[in-house]
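Please examine the sequence and the structure before reading on.

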Amino acid sequence: MRNEKLKDYNKTKIACYLGFITQAIVANFTPLLFTAFHREYGISIASLALIPAVFYVVQLITDFLCAKFKNIDYRKSIIISEIASALGLVGLAFVPSLFSNPMVGILICVCVYAVGSGLIEVLCSPIIEACPFPNKESVMSLLHSFYCWGAVGVILGSTLFFAFFGIDNWRILAVIWAVIPLYNIFNFATCPIEPIVEESDGMSMSQLLCNQMFWIFLFLMVAAGASECTMAQWASAFAEASLGVDKAIGDLAGPCGFAFCMGLGRLWYAKKGQNLDLTSYMTWAGALCFAAYLTASLSPIPLISLVGCMINGLAVGIMWPGSISITSARIPGGGTAMFALLALAGDVGGTVGPSLVGIFTKSSENIQSGLLAASVFPVLLIVCLIGIRRYKR
């Protein structure tokens, strides 16, 4: 009976793994189509920049709305996330052609799958946290590694598809990628899902925000999100500018290589980290991240700069899932509102960090100057971790 129960929760684990792969697909697939949208629909590159902006804004709004609820129906909500993700991907193949301005149709689809992505981000972590797994920090790290493997898969798979079948067949690929969330609807409909806390025990958003310690955790998530997403979003342009390669090679050497290294970092902690103090480990990871940003931004040798980008992936791997694990361990009654606010803080960091790089890059006309400015975020992460250790004492 006990083994059967564990097997059932393993099904929950697989569903959440595929959930994070779905999030990686919707976050990384559409930017690969910018060239196709520009050529086929005549949309300017400047206008295409709206796509990631709208995606992250809608995801932020979704995080905030989830934080307004002490508890929500996890099963219904996570199934809605998979439906929205699938509809948005399939819609990309058909909806833009229905409008005189195809950009309107694209943004509608982006909004739909961004809601799905936001719900996945808020719900998968507490679903796993509520399962009776030992070594929760390791399980959480392994869970978040599947976002990395999903990012590698969608970038590599899409690049190979376009090489063999041509980018003009991108609509077929959009439908193919939608199969994963469609299949995962069945997984979430049938796997066991436990509430993270009893319905009457979950803390409200106002209760959490009145907790001084919780603000340290929020800044920790902002720093984690900024440290991770800044390099992830600028890695392709950085590889192209540093190595002088075309976009396809830049995507593989930049964001794909970064995501692969980040996945390795999360996988290593999942396998070996159960005997390590998570707060100390993250402090050392923050120091390595800071060194990696300095290497990428200051090295005069392009190849060494790219190595710094890859090392950054290894360093930031633990930051997002580790921040969630540290917070949930110290505020066990946080409930859905806590996970939603943490996701919101991470997304704020993921928006502020790349924007800061863009501002400094534009003023200096040098991506490396922008990355140097981003080195402030791992420093903020270390400061927050020191504050958490002192508060604990």
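The protein has 17 helices and zero strands; helices (H or I, at least four residues) and strands (E, at least two) are DSSP runs, numbered from the N terminus. This is a predicted model, in which local features need pLDDT of at least 70 and side-chain atom pairs count only at pLDDT 80 or more, while totals for chains, interfaces and linings use all residues. Residues are numbered from 1 along each chain as its sequence is written, and side-chain values use heavy atoms, with hydrogens and water left out.

**Overall form**

- For 393 residues, a compact globule would have a radius of gyration near 21 Å, and the 20 Å of the protein agrees with this. The radius is taken over C-alpha atoms, and the globule rule is 2.2 Å times the number of residues to the power 0.38.
- Along the principal axes, the C-alpha atoms fill a box of roughly 55 × 45 × 40 Å.
- Of the 393 residues, 56% are buried (under 20% relative accessible area, with a 1.4 Å probe and protein chains only).

**Helix 6**

- The 29 residues of helix 6 should span 42 Å at 1.5 Å a residue, and its end C-alpha atoms are 43 Å apart, which agrees. The expected span is 1.5 Å times one less than the number of residues.
- Helix 6 has a kink of about 25° at L123, shortly before the proline P126. The bend at a residue is the angle between axes fitted to the seven residues ending there and the seven starting there.
- Helix 6 is mostly covered, with 24 of its 29 residues buried.

**Helix 14**

- Helix 14 has 12 residues and reaches 17 Å from its first C-alpha to its last, close to the expected 16 Å.
- Because 10 of its 12 residues are buried, helix 14 is largely enclosed by the rest of the structure. Among the buried residues are M319, W320, P321 and I324.

**The largest cavity**

- The largest cavity has a volume of about 50 Å³. On a 1 Å grid over the protein atoms alone, a cavity is a set of points where a 1.4 Å probe fits but cannot get out; a volume is the space filled by probe spheres set on the points.
- Its lining (residues with an atom within 4 Å of a point) consists of E121, S125, W320, I324, F339, L342 and A343.
- Helix 6 (102–130), helix 14 (319–330) and helix 15 (335–364) each give two or more residues to this lining, and helix 15 gives the most, with three.
- The lining residues divide into five nonpolar, one polar and one charged. Ala, Val, Leu, Ile, Met, Phe, Trp, Tyr, Cys and Pro count as nonpolar, Asp, Glu, Lys and Arg as charged, and the others, Gly among them, as polar.

Conventions
On a 1 Å grid over the protein atoms alone, a cavity is a set of points where a 1.4 Å probe fits but cannot get out, and a pocket is an open set with protein on both sides within 12 Å along at least five of seven lines; lining residues have an atom within 4 Å of a point. Buried means under 20% relative accessible area, exposed over 50%, partly exposed in between (1.4 Å probe, protein chains only).
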